[in-house]
Each structure stands twice: as C-alpha cells, then as structure tokens.
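Let's take a walk through this model, from its surface to its inside. Have the structure open as you read.

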Amino acid sequence: MAETILIVTEDEELLDDLLRLCAAAGAEAEVVHGAPHDRMSWAGWSGAKAWEKAPLVLVGDDCAGAHGFGGSPGPDLSGILRRAGVLLVGKDLDDPGVWERGARIGAEGVVMLPDAESWLAGRIADASECVGRPALTVGVLGGRGGAGASTLACALAVTAAREGQRTMLVDGDALGGGLDVLLGGERTEGLRWPAFAESRGRVGGGALEESLPRLHDLSVLSWDRGDSVLIPADAMKSVLSAARRRGGVVVVDLPRRVDETVAEALAQTDLGLLLVPAELRAVAAAHRVASRTQMVLRDLRAVVRTPGGPGGSRGYGPGLDEGEVARLLRLPLAGELPWEPGLLEAAERGVPPGTRTSGVLARFCRDFWAQALSGGVSGGGVSV
C-alpha cells in the first residue's frame, strides 16, 4: 500500500503543482493549510500527527517562515519534531532567504519548481513506495554454455524466498528458454518480458511486483514462448530500477554476451557470480566472459563447479582445484559447488532447483546469502 505524502502550504498555485506531481507518481497526499501559529501550539496543530508519520513532508515556502516552524530568530525549538524527509518547496530562485528558511525548519533540501519537477516526482514516488535500502542484486553468469548458471540463479532465488526475503528473479537471457519453465510455472498467469519492452523512465515497483507471476513465494520476470527476444537497454534500466526499489534481493540470470541491455543489467548489479566448471576449456572460455563483464561490473566472483558433470565422479584433475581456477581467472573465490544428483529429473517434474533443503545446492545458497546479506562475503569464499 502506498504511503501518504504530507503537503503544508496555503499557496493554491503551489498546491496544484504538488498535487499534480503526487498524482503522476501514484502517491496519495494529505494537505494541511498553514503551519502552527507558534511553537507552543505544535501539539495541537492539525498536521502534527502526519508530520511524524509521513514518509515525506513538502513544506511550501509560504509557510516556512511561520513562528511554529522556527521562523523567528532564537535557539528555542521546543515542541518541534525534527525529522528526516522534509523538503522546502519554492518557486523564486532569486530569493536568497529560502535557504535560511529551509535550515530553520530542518529541511534536508530546498526544491525549486518548475526546474526540479522531474526530480521531485521521483522523490515522491520513492517515498510513497516506502523505499529504504535498495535490494541486494546478484547477477549469475555461466563461464561456458551448460555450466548451470540458470539452475544456480533459480536456486538462489528459491532459497532467499524460503529464508523470508522479498525476492524477485529476473531472466536476463532471452535465449535461455525461460526461467518460469525451470520453476515449473510456464502456465502461471502474469506478465512476461515482452510486456515491458516499451518501458521508459520510471516503472512503479509495487505495480511491477503485482503484475508478475508468483512462483514458490517469489516474483519471476521471465520470457514468454513468442518470437520477441529484444529488450532495449532503457527497458532493462527501468524494470531493474523498479525491482531494486522494493528492497530484499533481486537475482538476475545473465547471458555470457555483453550488449547494451546486458551492460545496463550489470550496471545495476551489486555482485556477480561466474559459474565455471573446473575444466581447462571452461576456464579459457570463462576468462573471456570475465574480461568483458568486468568492464561494467567491478565485483565479480568465481563459483567453481566440480568436474565430472551430473553423472560423473567428483574429483579434480592434477593442479586444477577451485583455488587454481579462481587464480587463473584472477577472480575472488565465492565458493565451490559440487554437482547434485537428481536435479535434471526434478526439473522435469516441475520441482525447482534448491527445493531440496538437504542438497548441496541449497546448502551453498544458504551459506552464500548468510554472508552476502550480512555484508560478509569475502575473497575467502563460501564452502559447502
């Protein structure tokens, strides 16, 4: 549910502008006409409760000089609740006193209309969506084809949701077949990527989340079965920005190529995981992927897949263990990930990766999130 913005002004023209911006941002507004008469009357002021609770307070410059807001000289500010999220809104750029009035009411900034309309609309939208800390965004890439990056991305998302995190899984690989299929939800109602291909500017985070298929307690943005595979970089920017504003975690399954759209996704990624089988050819291929990816994403780490494949035996060849793979790639080691038997069969039955809590994949994901969400992921890696 959207939060209500508080507007304090007696200027009808300014009020019309602020209400218009609130409407454009999809935010509700409560209007209080006028400030408290003096500091002693603060508690009885009609806007006192909203002043305390609203995520954002917009004070018109016409009210900023009122005695109740500390408009008269002197240090006595008794009864006035100083808080974050207060903006002084004016229209006269040539008035030098506006900055002093902003300081007196404890405003975190002064906004001048119409010049700052676009910025203020975004600030209103953020506040109405209860935007706090942005989502931790993790991108997953394969060092070579068939490494299992999509499987790991799904398992990370399933595990985060099971641990109580607000989770969104974004399919950034148009040629991957659709993560909704891997999650057993290809027939679940909800929008897919082609519906967002024309997105520009700001997309509402709440509206995005509500429009997507809901699978295994997480929101999934995947591809449909149509022929459309082109998503402009602007659309990726708008959608990922909206997803991040909701908080929690966002997991993005990314292709090995880096075009403008993928580069936009990487630009909004906090941490990248490059899944690399411990094989010489895979390391050679992963080196190229890492080089291109690191041109945009600074924090890229290696997850080393033990050799042998789903049906093979575990064990490294001479001199090529997980530490050596990470060294050859010049990447920090995020962990070793053994193959888990039965994943392919489970996927055929519609059981998503990471569902079996006792499996090595789920254990890896739990350990990864425990460190990543506490800010403790380090070059020492995560082991299972």
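Why does Leu230 count as exposed? Its relative accessibility is 68%, and exposed means over 50%, while buried means under 20%. Before going on, a word on the source: this is a predicted model, where local features need pLDDT of at least 70, side-chain atom pairs count only at pLDDT 80 or more, and totals for chains, interfaces and linings use all residues. Residues are numbered from 1 along each chain as its sequence is written, and side-chain values use heavy atoms, with hydrogens and water left out.

Leu230 sits in the loop between strand E9 (218–221) and helix H8 (233–245); helices (at least four residues) and strands (at least two) are DSSP runs, numbered from the N terminus. Together with Leu175 and Val229, Leu230 makes up a nonpolar surface patch with about 340 Å² of accessible area. Patch members have over 30% relative accessible area and no salt bridge (Lys or Arg nitrogen within 4 Å of an Asp or Glu carboxyl oxygen), and nonpolar side chains are joined within 5 Å.

Now for strand E10 (residues 249–253), where five of five residues are buried. In a regular strand, side chains alternate between the two faces of the sheet. Here, Val249, Val251 and Asp253 are buried on one side, and Val250 and Val252 on the other.

E10 also has neighbours. Strand E6 (residues 136–142) runs parallel to E10, joined by five bridges, and Leu136 stands opposite Val249. Strand E7 (residues 167–171) is likewise parallel to E10 over five bridges, with Thr167 opposite Val249. (Pairing takes at least two DSSP bridges.)

Key. Buried < 20%, exposed > 50% of the residue type's maximum accessible area, 1.4 Å probe, protein only. Patch = residues over 30% accessible without salt bridge, like charges linked within 9 Å, V, L, I, M, F, W, Y side chains within 5 Å. Areas by Shrake-Rupley, 256 points an atom, 1.4 Å probe, with all protein chains shown as cover. Salt bridge = Lys/Arg side-chain N within 4 Å of Asp/Glu carboxyl O.
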